[in-house]
Amino acid sequence: MKLARFGDDRIGIVRDDVIVDVTGIAGAVPGEWPPVAMNRLIANFAEWRHKLEAAARGQGVPLARVRLLTPVPWPSKVVAYPVNYHEHGAEMHVGYRANNQGFFLKPPSAVSGPSDPIVLPVNDGRRIDHECELAIVIGKQGRDIPREAYRDYIFGYSCLIDAVIRGKEERVARKAFDTFCPVGPWVVTEDEIGDAASQLQGTLWVNGEIKQDANTRDLVLDIPGMIEMASSVMTLYPGDIIATGTPAGVGPIRPGDTVKIQFERVGSMTLDVVQGDTGKHSIFAAPPEGA
Ligand code: MN
């Protein structure tokens with residue numbers, strides 16, 4: 001099942017090229033704040049699944065006629081693994097890997113959707129890069145999750161771009177700008193992917209040119225390992241997102257660019273890159289020492 005948000009904060013199930021509105025069944029109130037209807041749906045999915053599946057057979061509207069929103073706008077956290085592909089470690093000239101370095105967090109406020117542009121902050125010419133990543137959406141609360149049990153805790157998968165200002169400042173400051181974490185176009189439930197999650201091809205294009213193209217089989221720390229590591233530190237909650245790390249081929253995005261990300265069996269989204277007028281701060285005023 002593909003679960004999406006659309007329009008004025010409605011929840012829908014995507015079936016081929018139509019979307020069926022299940023806002024009422026999901027007990028969602030459009031416009032509520034904080035926007036946690038999808039977290040609630042995820043937490044109750046096992047119980048609500050049959051009525052959602054029944055509703056999904058109803059009349060839909062063409063997907064092309066709706067504005068899709070990011071599927072989970074209020075994760076309690078976005079856990080992100082740095083340098084989780086050897087070839088990306090090589091291009092960044094770093095020796096550490098996610099399996100011995102751990103992870104960082106991106107704030108939920110950085111999450112944007114498949115219809116939103118990536119808004120570049122004002123700065124003095126610092127390089128801002130795309131990173132193509134698979135998103136794992138957590139389905140069940142858990143702590144110290146053993147790797148054998150990882151599938152019980154995954155709700156589904158989505159596409160995620162981990163945008164970043166390159167430099168030596170704290171990683172979170174460089175990766176936390178609003179719209180620096182596009183997630184979408186929807187969440188595909190775990191049962192549709194299964195073991196194939198460990199062999200998914202992910203591709204990213206800038207202006208139609210392939211920049212990143214790699215397979216999750218080459219992850220250094222695999223999906224069970226990521227859930228095991230993150231949950232050893234923090235309780236994971238329904239709707240939490242894990243960004244699995246980017247392969248080689250990262251590169252700059254500039255105003256006017258179009259970025260497309262796709263994971264097989266999950267979906268794709270195409271985003272505009274625009275120049276914003278916020279974000280100027282002296283910490284990003286010039287290239288950092290040594291960069
Ligand atoms: Mn990343």
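View 1. With a relative accessibility of 70%, tryptophan 33 counts as exposed, whereas tryptophan 74, at 37% relative accessibility, counts as partly exposed. As in every view described here, the residues are taken from a predicted model. A search of the whole structure finds five aromatic pairs. In the pair formed by tryptophan 33 and tryptophan 74, the ring centres are 5.4 Å apart and the planes stand at 75°, so the arrangement is edge-to-face. Because tryptophan 33 belongs to the loop between β3 (18-21) and α1 (37-43), and tryptophan 74 to the loop between β5 (68-69) and β6 (78-80), the pair ties together parts that are 41 residues apart in sequence.

**View 2. The ring pair of phenylalanine 177 and phenylalanine 180.** The ring centres of phenylalanine 177 and phenylalanine 180 lie 5.1 Å apart with their planes at 55°, so this pair is classed as tilted. Phenylalanine 177 has a relative accessibility of 17% and counts as buried, and phenylalanine 180, at 0%, counts as buried too. Ring pairs also bring in Phe284, which is linked with Phe177 and Phe180 into a cluster.

**View 3. Lysine residues over aromatic rings.** Lysine 140 is placed over the face of tyrosine 153, at a distance of 4.7 Å from the ring centre. Elsewhere in the model, it is the ring of tryptophan 205 that has a charged group over it, namely the end of lysine 260, which sits 4.7 Å from the centre of that ring.

View 4. Glu131 and Glu133, each through OE, and Asp162, through OD, coordinate the manganese ion at 2.0 to 2.2 Å. Along the chain, the donors of the manganese ion follow the spacing E-x1-E-x28-D.

Methods. Residues numbered from 1 in each chain as written. Predicted model: local features only at pLDDT ≥ 70, side-chain atom pairs only at ≥ 80, totals over all residues. Heavy atoms only, no water. Phe/Tyr/Trp six-rings, centres within 6.5 Å; stacked < 30°, edge-to-face > 60°. Helix = DSSP H or I, 4+ residues; strand = E, 2+ residues; numbered from the N terminus. Buried < 20%, exposed > 50% of the residue type's maximum accessible area, 1.4 Å probe, protein only. Lys NZ or Arg CZ within 6 Å of the ring centre and 35° of its normal. Donors = N, O, S within 2.8 Å, 3.2 Å for Na, K, Ca; no water.
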